[in-house]
Amino acid sequence: EMSASLVGSEMCIRDSMEGYHMAYGSYPYATPADAGYGSFDNYKYDKEHGIQLYMKYSGMRKEAEKKTTKNQFTRAQMNPNEEDKIICPANHEFTLVDTRIERRGVYPREIEMYQNEHCEGCPFKSKCTKSKKGRTIQRCRELESYKKEVKENLSTEQGKKYMIQRSIWSEGIFGQIKEDNHYDKLLSLIHISEPTRLALIS
């Protein structure tokens, strides 16, 4: 579940896009941003408005890590394989046990719940899950397709250029404002969203 600060960050980019539309009569071609903005609602919003997906998402770095004995039990290392099956480190397949519509958020989404029915007696169980019912995993196929598009877009030369520009324009300016106003120490001690941070230092 998202923290209040992440939810605030997630929402502010949609507000910014609407402001852009009011000012220029159209939506931007792309919205490169860091992982705090990459969410189902923002990706869906972008698709509906013809905006290309260049926003990173939480867990993207972990997905790119090489599988090891230490990280093999994380959710990032248990994504569907080429046969669209989710396999655990003990080589057991997860079983689809439930499908529901999640309506929290701006857009409803279909969530699939998978459960591993082979956890009892597994030598890896203590490292993999504390649940008596066994390891469970939630899956949203639509979100998976958006994440795949994001990774493909960011791997292109244009995507790399976007992220370099974003780093120079946003991080540099925001960092300079904080330094000029001596807010670095204060803001590092409190957990607030980026829009609130910007409002405090403006």
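Colleague: What should I know about the model and its numbering?
Modeller: This is a predicted model, where local features need pLDDT of at least 70, side-chain atom pairs count only at pLDDT 80 or more, and totals for chains, interfaces and linings use all residues. Residues are numbered from 1 along each chain as its sequence is written, and side-chain values use heavy atoms, with hydrogens and water left out.

Colleague: How many salt bridges are there?
Modeller: The count is 14, a salt bridge being a side-chain nitrogen of Lys or Arg within 4 Å of a carboxyl oxygen of Asp or Glu.

Colleague: Which residue pairs with glutamate 63?
Modeller: Lysine 151 does, with the closest N and O atoms 3.4 Å apart. The partners lie 88 residues apart, glutamate 63 in helix α3 (residues 60-64) and lysine 151 in helix α5 (residues 141-154). Helices (H or I, at least four residues) and strands (E, at least two) are DSSP runs, numbered from the N terminus.

Colleague: And what does aspartate 84 pair with?
Modeller: Aspartate 84 forms a salt bridge with arginine 141, at 2.9 Å between the closest N and O atoms. Aspartate 84 sits in the loop between α3 and β1 (95-102), 57 residues from arginine 141 in helix α5.

Colleague: Turning to arginine 139, is that residue buried or exposed?
Modeller: Arginine 139 is buried, at 3% relative accessible area; buried means under 20%, exposed over 50%, and partly exposed in between (1.4 Å probe, protein chains only). Its salt-bridge partner is glutamate 144, with the closest N and O atoms 2.7 Å apart. Glutamate 144 is partly exposed at 25%.

Colleague: Which residues are linked in a network?
Modeller: Salt bridges link Asp84, Glu112, Arg139, Arg141 and Glu144 in a network.
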